[in-house]
Amino acid sequence: MSKINRILAATRFEKVDRIPKGEFYLEDGLIIELLGLKDRVTFNHRIEACERCKLDALAFSPSLSLNAENRVWEEIKQWRKETDFFIFAIIDGPFQGAAKLFTSFTDYLLAIAKGDSIIPELVSKAIAANVELGFQALASGANGIIIADDIAYQNGTFISPSALRKYFFPGLAEEVMLLRREKVPVFFHADGNLLSVLDDILHCGFDGLHSLDFSSISDIRKVRMATDNKLCLMGGYDLGWFEAENRAEKALQLLEVTSPGEWGTGYIFGSSAGILGSNLKAKKVLDVYQYVDNLLVK
């Protein structure tokens, strides 16, 4: 089974040959330690590091600094041409996209609280820009889309669920609908506690949910129960667990709550952060990924 087909099977809740794995990005410091490099990290080094970790999926954000040269998705083009990884393109959702049109996040939240009439206008602009970026990414070779909308933190959502339903979730659903017409999986990414709006995320029409940035395994179990056979889950492995003596056991616990049937069916293993940073010990990261890769799909 190819990397692309393995990820697609997971999103469709179909049987896989081994547990799918994905991250957004591996930082240079981790790659240098992992490969024992002395010089700078090259493109081929990045490929080798991802292969060592047995990753199937990667994700890329647009290089907006290259917008004038029409090279926003240049990385995707290169990875599509030279590798066989499943490639997600990361774009903003309406909440995050509209926030970038304000000078400060505080001013943004105040405008929402006051019901400022400019909010719907900015949301519409953000959606149009996001969808266009998504179409460009797919044309450049992306296999799927991750809509990143940081609507939450550890204690819940930044604004009330009712405000999200009024101003943002309709636009989010529109963004998903337009992109899913291209017959590709569309995932939602947000850090923090999403339990109060899980039903809303489901109703937006997503194929998957990334991060699972919860303080306990039991909360991740709640997400799986609420989204059973409806959303493919991705992530959930806390970066702090890489340092724990029982890091392999943590991976097993995560698999047991995210894939209660057949492991890898409706789940893509990865960190909740999506980025494996330079501060992580390469051997410990590799221990976890090799452990997961060696597990037999049950």
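The questions below move from the sheet to a helix, the salt bridges and some loop residues.

Reply: Start with the ground rules. This is a predicted model, where local features need pLDDT of at least 70, side-chain atom pairs count only at pLDDT 80 or more, and totals for chains, interfaces and linings use all residues. Residues are numbered from 1 along each chain as its sequence is written, and side-chain values use heavy atoms, with hydrogens and water left out.

Me: In what order do the strands of the open sheet of 7 strands stand?

Reply: Strands here are DSSP runs (E, at least two residues), helices are runs of H or I with at least four, and both are numbered from the N terminus. Two strands pair if DSSP finds at least two bridges between them. The pairing in this open sheet is parallel, and the order is β2-β3-β4-β7-β8-β9-β10.

Me: Which strands stand at the edges, each with a single partner strand?

Reply: An edge strand has one partner, so one of its sides is left without a neighbour in the sheet. The two strands in that position are β2 (57-60) and β10 (267-268).

Me: Which strands does helix α1 touch as it packs on the sheet?

Reply: Touching is judged by contact, meaning heavy atoms within 4.5 Å. Helix α1 covers residues 3-11, and its direction makes about 55° with that of β3. That angle lies between N-to-C directions, on a scale from 0 to 180 degrees, with axes fitted to C-alpha atoms, for helices over the stretch in contact. The strands touched are β2, β3 (86-92), β7, β9 (232-235) and β10.

Me: How many of the residues of strand β4 are buried?

Reply: Buried means under 20% relative accessible area, exposed means over 50%, and partly exposed is in between (1.4 Å probe, protein chains only). Gly144, Ile146 and Ala148 point one way from β4, Ile145 and Ile147 point the other way, and all are buried. Strand β4 (residues 144-148) is therefore largely enclosed by the rest of the structure, and the count is 5 of the 5.

Me: Which elements do the buried residues of α3 pack against?

Reply: Helix α3 spans residues 43-52, and its buried residues are Phe43, His45, Ile47, Ala49 and Cys50. After the helix comes Lys54, whose phi is positive, near 60°. The buried residues of α3 pack against β1, α2 (28-35), β2 and α4 (74-82).

Me: Which residue meets Lys3 in a salt bridge?

Reply: A salt bridge is a side-chain nitrogen of Lys or Arg within 4 Å of a carboxyl oxygen of Asp or Glu. The Lys3 bridge has an N to O distance of 3.4 Å. It links helix α1 to helix α3, 48 residues apart. Lys3 is buried at 10%, and its partner is Glu51.

Me: How far apart in sequence are the parts tied together by Glu243 and Lys284?

Reply: The closest N and O atoms of Glu243 and Lys284 are 2.9 Å apart, in a salt bridge. Glu243 lies in the loop between β9 and α12 (247-258), while Lys284 is in helix α13, so the parts tied together are separated in sequence by 41 residues.

Me: Which residue of helix α12 is linked to Asp287?

Reply: Asp287 is in helix α13, and its partner is 40 residues apart from it. The two side chains meet in a salt bridge at 3.2 Å, N to O.

Me: What is the phi of Lys183?

Reply: Most residues other than glycine have a negative phi. Lys183 sits in the loop between α9 (169-180) and β7. It counts as exposed because its relative accessibility is 75%. Although Lys183 is not a glycine, its phi is positive, about 65°.

Me: What distance separates the C-alpha atoms of Asn294 and Ile19?

Reply: Asn294 is found in helix α13 (residues 282-294). Asn294 counts as exposed, at 61% relative accessibility. Asn294 and Ile19 are 275 residues apart along the chain, and their C-alpha atoms are separated by 8.9 Å.
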